[in-house]
Amino acid sequence: HRYVRSIDERQKKVISLVGGGSTAFEVAKRLFPDSFGHGVHRFLAISEAIAHLDHAHGNGRVVLETNGGVESYRAA
């Protein structure tokens, strides 16, 4: 149950960071600001942000939009 609660809390945080429109990269930078000076940490930060955004999109909590080949998310 603790694991599911942790995922739910992170989902709420990610959705709050999306706001009116953000890319997965922008969300990752807000979620893990100290990770972007380190190569592997940056990769993991972006991967986690994408996983949470995909999950939120699948549950209808965020909307995925594509403009000029750039995917961005906004709160549903």
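A residue counts as buried when its relative accessible area is under 20%, as exposed when that area is over 50%, and as partly exposed in between. F36 has a relative accessibility of 17%, so F36 is buried. The model described here is a predicted one.

**The aromatic pair**

- The count of aromatic pairs comes to one.
- The ring centres of F25 and F36 are 5.4 Å apart and the ring planes stand at 85°, so this pair is edge-to-face.
- The pair links distant parts of the chain, with its two residues eleven residues apart.
- F25 belongs to helix 2 (residues 24-31), while F36 sits in the loop between helix 2 and helix 3 (39-58).
- F25 has a relative accessibility of 41% and is therefore partly exposed, whereas F36, at 17%, is buried.

**Helix 2**

- Which residues of helix 2 are buried? They are A24, V27, A28 and L31.
- These residues lie on the same side of helix 2, because they cover an arc of only 100° around the axis.
- In an α-helix there are 3.6 residues a turn, so residues three or four places apart point the same way.
- The packing partners of the buried residues of helix 2 are helix 1, helix 3 and strand 2.

**The hairpin**

- Strand 1 (residues 62-67) and strand 2 (residues 70-75) run antiparallel and are joined by six bridges.
- E65 has S72, in strand 2, as its bridge partner.
- The two strands form a hairpin, with two residues between them.
- G68, in the turn, has a positive phi of about 65°.

**T23**

- T23 is located in the loop between helix 1 (2-18) and helix 2.
- Its relative accessible area is 17%, so T23 is buried.
- Apart from neighbours within four places in sequence, T23 is in contact with V70, E71 and S72.
- S72, one of these contacts of T23, is also the bridge partner of E65.

**Helix 3**

- G39 is part of helix 3.
- With a relative accessibility of 43%, G39 counts as partly exposed.
- How far apart are the C-alpha atoms of G39 and H55? They are separated by 25 Å, and the two residues are 16 residues apart along the chain.

Methods
Residues numbered from 1 in each chain as written. Predicted model: local features only at pLDDT ≥ 70, side-chain atom pairs only at ≥ 80, totals over all residues. Heavy atoms only, no water. Phe/Tyr/Trp six-rings, centres within 6.5 Å; stacked < 30°, edge-to-face > 60°. Helix = DSSP H or I, 4+ residues; strand = E, 2+ residues; numbered from the N terminus. Buried < 20%, exposed > 50% of the residue type's maximum accessible area, 1.4 Å probe, protein only. Pairing = 2+ DSSP bridges. Contact = heavy atoms within 4.5 Å. Arc of directions from axis to C-beta.
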